[in-house]
Amino acid sequence: MKLIFYFLVFPGFLFAAVAGLIIGWVDRKLTARLQWRVGPPWYQNFADILKLLSKEVIVPVEAQRAVFLFSPLFGLGAVTIVSTILGLANWNYNWGFVGDLIVAWYFLIIPNLALILGASASGNPLAGIGASREMKLLLSYELPFII
């Protein structure tokens, strides 16, 4: 029960989502202020997420349905695991293990792979071009990071 709480609430999914939305608001507000604009209210990212979640899911006819629908969930699960690993390692040093940084780094590659899989599964030629571009970007910044 305790591990489910860690994964779903703190420092897992819910905490990472709220912290990410607040940091996104700070970024948007700071960018707007640097451009002599007012910027969005603090709840704008939350309203955008609610609007996005209320929209209808449209699956293209040519799409591979299962891969197209589950690849975003696969990427979200990987990010949630990373936030849980890093949060528990920072909260209590005894929760860490020998290769936790390497495991977290590999889990952070999964959302990019999920994006590539979802775009490739859509059956759209423009999404295929975007997926190939994402593969090039993934290889171009992950390989130097490894070296």
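Colleague: Which residues is Leu138 in contact with, leaving aside its neighbours within four places in sequence?

Modeller: Those are Ile109, Asn112, Leu113, Ile116 and Leu143, where contact means heavy atoms within 4.5 Å. Please keep in mind that this is a predicted model, in which local features need pLDDT of at least 70, side-chain atom pairs count only at pLDDT 80 or more, and totals for chains, interfaces and linings use all residues. Residues are numbered from 1 along each chain as its sequence is written, and side-chain values use heavy atoms, with hydrogens and water left out.

Colleague: What makes Leu138 buried?

Modeller: Its relative accessible area is 8%, and buried means under 20%, exposed over 50% and partly exposed in between (1.4 Å probe, protein chains only). So Leu138 counts as buried. Leu138 sits in helix α6 (residues 125–146); helices here are DSSP runs (H or I, at least four residues), numbered from the N terminus.

Colleague: Why is the pair of Trp42 and Tyr43 called edge-to-face?

Modeller: Rings of Phe, Tyr and Trp (its six-membered ring) pair if their centres lie within 6.5 Å; planes under 30 degrees apart count as stacked, over 60 as edge-to-face and the rest as tilted. The structure holds seven aromatic pairs. For Trp42 and Tyr43 the centres are 5.7 Å apart and the planes are at 85 degrees, so this pair is edge-to-face.

Colleague: And why is the pair of Trp42 and Phe46 edge-to-face?

Modeller: The ring centres of Trp42 and Phe46 are 6.4 Å apart with planes at 65 degrees, so edge-to-face applies here too.

Colleague: How do you know whether Trp42 and Phe46 are buried, exposed or partly exposed?

Modeller: Trp42 has 56% relative accessibility and therefore counts as exposed. Phe46, at 24%, counts as partly exposed.

Colleague: What makes α2 oblique to α3?

Modeller: The axes of α2 (13–34) and helix α3 (residues 44–54) come within 8 Å and cross at roughly 120 degrees. Angles under 35 degrees count as roughly parallel, over 145 as roughly antiparallel, 65 to 115 as roughly perpendicular and the rest as oblique, so α2 is oblique to α3. The axes are lines fitted to C-alpha atoms, for helices over the stretch in contact, and angles run from 0 to 180 degrees between N-to-C directions.

Colleague: Which residues make that contact?

Modeller: Among them are Leu21, Trp25 and Arg28 of α2, and Asn45, Phe46 and Ile49 of α3.

Key
Helices (H or I, at least four residues) and strands (E, at least two) are DSSP runs, numbered from the N terminus.
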